[in-house]
Amino acid sequence: MNAAEPVPEQAASWTVRVRRAIDRHLPMDHLLPVRQPYYVGSWVYVFGVITIAALVWVVVSGVVLAFMGPQWWHDSSVGRFFNSLHFWSVQLFFIFMVLHLWGQYFMAGWRHGRAATWAIGVVIFGVSILTAFTGYLSQQNFDSQFIAVNAKDAMNGAGVGAFFNVLNFGQMYGLHIMLLPIGVTILVVLHIVMVRARGVVKPIDPEGGTRS
Amino acid sequence: MDSPTTYFHWGFILISVPNLLVIAGMIVLFAIALVAPFPHGGEGEDERR
């Protein structure tokens, strides 16, 4: 075949079908828009972005902590700095995630086909709590031991103690640095892509009209 | 720093003062975000539903 000839697209090819579906549902001007609707001009819409920024710092500081280990983050000044960076970026992550939740709740962000986006946000909140909980158990100090010893009864009472043992540091640490953060990150990416695919929800009654 | 924190106790509500301050700060921040003017808030072209 001549290299200059255009290659005919095979409609039956799954790569072509996937590409067309992406073009249809998520064109680049939706994914990376230049301008936003007038109603997005409010600080309430910044809470979600700050949550993402905090998550980036959580992951970056977490990678450093995982690489260097507990001895380092307890004993060296730089280690304690990264330990604090990890802790306080998590605090900001949760504070701004809840502020984002309040904003979306009061503007009913699930309207006009955005129910799945809202539901994934709820799941992110739940998985984030579990990630933070296993993080508290992974500190390797008296605080983490106190939390583990007290939490074990709650876990046993809830019926999950057989496969979720809060006294097992290896299990909690593995969940905290591998499985759960990957889950949170994938869900956050999915959440953002879904927001970009449909755009930001219109305010309720933006110009004195009827509710829709 | 090592001493136990104080708690706010009102009826069935029992919460540590630091946690109460965080929640109060979040409510204040949310209120400010609603009323504070946003820079460059021009009309956009993206009108998707």
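Tutor: Before we start on this predicted model, one definition is needed: two residues are in contact if their C-beta atoms, placed from the backbone, lie within 7 Å.

Student: How many residues of domain 1 of chain A are in contact with residues of domain 2 of chain A, and how many of domain 2 are involved?

Tutor: The domain assignment of chain A gives domain 1 as 41–107 and domain 2 as 115–197, and the C-alpha centres of these two domains of chain A lie 15 Å apart. Counting contacts between them, domain 1 of chain A contributes 11 residues and domain 2 of chain A contributes 8 residues.

Student: Which helix gives the most to the side of domain 1 of chain A that touches domain 2 of chain A?

Tutor: On that side of domain 1 of chain A, at least two residues each come from α3 (46–68), α4 (70–75) and α5 of chain A. The residues of the side that touches domain 2 of chain A divide into 8 nonpolar, 3 polar and no charged. With 5 residues, the helix that gives the most to this side of domain 1 is α3(A).

Student: Against which helices do the buried residues of α3(A) pack?

Tutor: The helix α3(A) has 23 residues and reaches 33 Å from its first C-alpha to its last, close to the 33 Å expected at 1.5 Å a residue. Its buried residues include A:F47, A:T51, A:L55 and A:L65, and just after α3(A) the residue A:G69 takes a positive phi of about 95°. The helices against which the buried residues of α3(A) pack are α4, α5 and α8 (169–198) of chain A.

Student: How far apart in space are A:V98 and A:T51, C-alpha to C-alpha?

Tutor: A:V98 lies in helix α5 of chain A, whereas A:T51 is one of the buried residues in α3(A). In sequence A:V98 and A:T51 are 47 residues apart, but in space their C-alpha atoms are separated by 9.2 Å.

Student: Is A:R114 buried or exposed?

Tutor: A:R114 lies in the loop between α5 and α6 of chain A, and, leaving aside residues up to four places away in sequence, A:R114 touches A:G109, A:R198 and A:V201. Because 21 other C-beta atoms lie within 10 Å, and 20 or more are enough, A:R114 is buried.

Student: What phi does A:Q140 have?

Tutor: The residue A:Q140 is in the loop between α6 and α7 (142–158) of chain A, and its C-alpha is 41 Å from that of A:R114, although the two are 26 residues apart in sequence. With 15 C-beta neighbours inside 10 Å, A:Q140 counts as partly exposed. Most residues other than glycine have a negative phi. A:Q140, although it is not a glycine, has a positive phi of about 65°.

Student: Where is A:A108 found, given that A:A108 also has a positive phi although it is not a glycine?

Tutor: The phi of A:A108 is about 50°, and with 14 C-beta neighbours inside 10 Å this residue counts as partly exposed. A:A108 is found in the loop between α5 (77–106) and α6 (115–137) of chain A.

Student: What ipTM does the predictor give the complex?

Tutor: For chain B, the mean pLDDT is 84, and 78% of the residues of chain B reach 70 or more. Where pLDDT is low, the predicted coordinates should not be read in detail. For the complex, the predictor gives a pTM of 0.85 and an ipTM of 0.80.

Key. Residues are numbered from 1 along each chain as its sequence is written. Chains are lettered from A and ligands numbered from 1 in the order in which they are written. This is a predicted model: local features need pLDDT of at least 70, side-chain atom pairs count only at pLDDT 80 or more; totals for chains, interfaces and linings use all residues. Helices (H or I, at least four residues) and strands (E, at least two) are DSSP runs, numbered from the N terminus. A residue is buried if 20 or more other C-beta atoms lie within 10 Å of its own, exposed if 12 or fewer, and partly exposed in between; C-beta atoms are placed from the backbone. Domain bounds come from an automatic or database domain assignment. Ala, Val, Leu, Ile, Met, Phe, Trp, Tyr, Cys and Pro count as nonpolar, Asp, Glu, Lys and Arg as charged, and the others, Gly among them, as polar. The expected span of a helix is 1.5 Å times one less than its number of residues. pLDDT is the predictor's confidence in each residue, from 0 to 100.
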